[in-house]
Structure formats: C-alpha cells, structure tokens
Amino acid sequence: MTAQTSKVDVFKLGCVMFYALSKNNLHPFGDRDLRAFEILNDRSDLSEVQHLPDVHDLISSMIQYHALKRPTMNQVLAHPFFWEPELKLKFVESIIAKQVQQELDKRVPLYSNDWIRKLPDELVQFLNSISQQLRHRDFDGRLVSELLLAVNTVRMMFDDSNFPAQLRERIFRNSVAEVCTLFFQDAFPDVVVRIAQTLKREKKMAQAVLETDAQFSGVSAYFLG
C-alpha cells in the first residue's frame, strides 16, 4: 500500500465514521449532487458531531482535502477517541506526576468559569475536604490544572477506606472507569482532546508525559508521529 493510497483510505474512513456517528447518518460533504464540489473546496459540515469533541477533532483531520494534512492510520488509531478509560486516567496521572499541569492553564482555558458547578455537591464536598487537609484551600474551579488534580484525587482514593461509600456506589457505580465517564464524558467532554492537541504541539511536554508508562507506547504516534 502506497502512502497516497493510505491517505485516501483515511479520508474514506473519516466519511464512514461520520455517517455512522452523526445523528442523521449524513455525509460530511453533503448531498451526492454537490459532494464533489464541496470536497474540492474543502467545505465539510460536521455540526452533527459537534457535541462529541473527540469525534469532531478526529474526523475533521481525516477528511482534509490536502492528503499531507491527514493523519496516518497509526495516528488515527492513537487518537484520544479510541482511548480506554484507564488510559485517560493514566494520562491525567502522568501529567500531574511530571508537574506540567500549570503549563496547561496557559494553553487550555476552560470554557466554564467554574468547573466545580458541574459536579455533584457531595463529590465537591469530599474533594474540598481533601484539598483543605493538604493545601488549606478549596479547589479552584477556574483552572484546568485543578480539574485534573480533582480527577486524579478521585482515582487515587477510589479504593481507599476513606473514600465515601455512597460516592463510590451511587455516583461511580463501584467502577473506577465511571470516574472517567463523569469527568470526561458527561461534564467535560472536550478536556482530554484539547489537552492532547496542546501536547501534540508541545513535543517536549508530550515526551515528558508519555515516558512515564509503557501504556502510552500505543498512542505515542498521535503526539510524536
């Protein structure tokens, strides 16, 4: 398979993914009569998946008119859309371990002025109680670094005896994977992909984060390819 053929396959796959994931099973370049014209003019309409930020980001890259701007198939498969919940949580842990979360505050502004308001009250109370013990202050709802720290706090304490049983059972249904669902699917669906986009541009920062665990070898193509 030539590189050009592979890029054509990526384009076709992007169109198929959009058809499968869009609400009304549409083509990203519209009706058949005008499709060729819209493709030549690089005018797609992905509004049907606008509510799925990771899907929107992936498909928009796959259906670029210029083949060189499209990802390789390896980069497609390494995209955050395909990450399992465990890998997303490990990604957050690695960002904090490498202490690059404050750098992200400058590059990944939150659309919400207070992310805390999107979380259940009892979870906020628990998080702030931990923060008060360790830092003598509540979490700052304006910063993405604080959001990541909150996610990691829940993940690290999930099986701890001090983690409230009612939170584990009622909000997270006794599954650590539900931590990822609550934060990165229900409340903040754009955060992981926006952070990944930032690290993709900041290669040194990406390398520092990815070198912490062999689990990231399967997705390094997205950042460094």
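Serine 131 counts as buried because its relative accessibility is 2%, where buried stands for under 20% relative accessible area, exposed for over 50% and partly exposed for what lies in between, with a 1.4 Å probe and protein chains only. The model is a predicted one, in which local features need pLDDT of at least 70 and side-chain atom pairs count only at pLDDT 80 or more, while totals for chains, interfaces and linings use all residues. Residues are numbered from 1 along each chain as its sequence is written, and side-chain values rest on heavy atoms, with hydrogens and water left out.

Serine 131 belongs to helix H7, residues 121-135; helices here are DSSP runs of H or I with at least four residues, numbered from the N terminus. Its side chain reaches the backbone oxygen of arginine 137 at 2.6 Å. Leaving aside residues up to four places away in sequence, serine 131 touches His136, Arg137, Asp138 and Phe139, a contact being heavy atoms within 4.5 Å.

Helix H7 also contributes to the largest nonpolar core, which has 53 residues, with Leu123, Phe183, Ile195 and Phe223 having the most contacts inside it. Such a core is a set of buried Ala, Val, Leu, Ile, Met, Phe, Trp, Tyr and Cys residues joined through side-chain atoms within 4.5 Å. Among the elements that give two or more residues to this core are helix H5 (85-97), helix H8 (144-157) and helix H10 (177-187), and H8 gives the most, with 7 residues. Leucine 123 touches Val154, Leu167, Ile171, Phe172, Leu182 and Phe183, again not counting residues up to four places away in sequence. A second, separate core of 14 residues includes Leu46, Val49, Ile63 and Val76.

Helix H11 (residues 191-201) holds glutamine 197, which at 25% relative accessibility counts as partly exposed. Beyond residues up to four places away in sequence, glutamine 197 touches Asp57 and Tyr222. Glutamine 197 and glutamate 178 are 19 residues apart in sequence, and their C-alpha atoms lie 24 Å apart in space.

The whole structure was also searched for cavities, each a set of points on a 1 Å grid over the protein atoms alone where a 1.4 Å probe fits but cannot get out. The search finds 1 cavity of 30 Å³ or more, and about 40 Å³ of space lies in the largest cavity. Its lining, made up of residues with an atom within 4 Å of a point, consists of Asp54, Pro80, Lys88, Phe184, Pro189, Val192 and Val193.

How values were computed
1 Å grid on protein atoms, 1.4 Å probe; cavity = no way out; pocket = protein on both sides within 12 Å on 5 of 7 lines; lining within 4 Å. Points joined across faces, edges and corners; volume = space filled by probe spheres on them. Polar contact = N/O pair within 3.5 Å; in protein donor to acceptor, adjacent residues only side chain to side chain.
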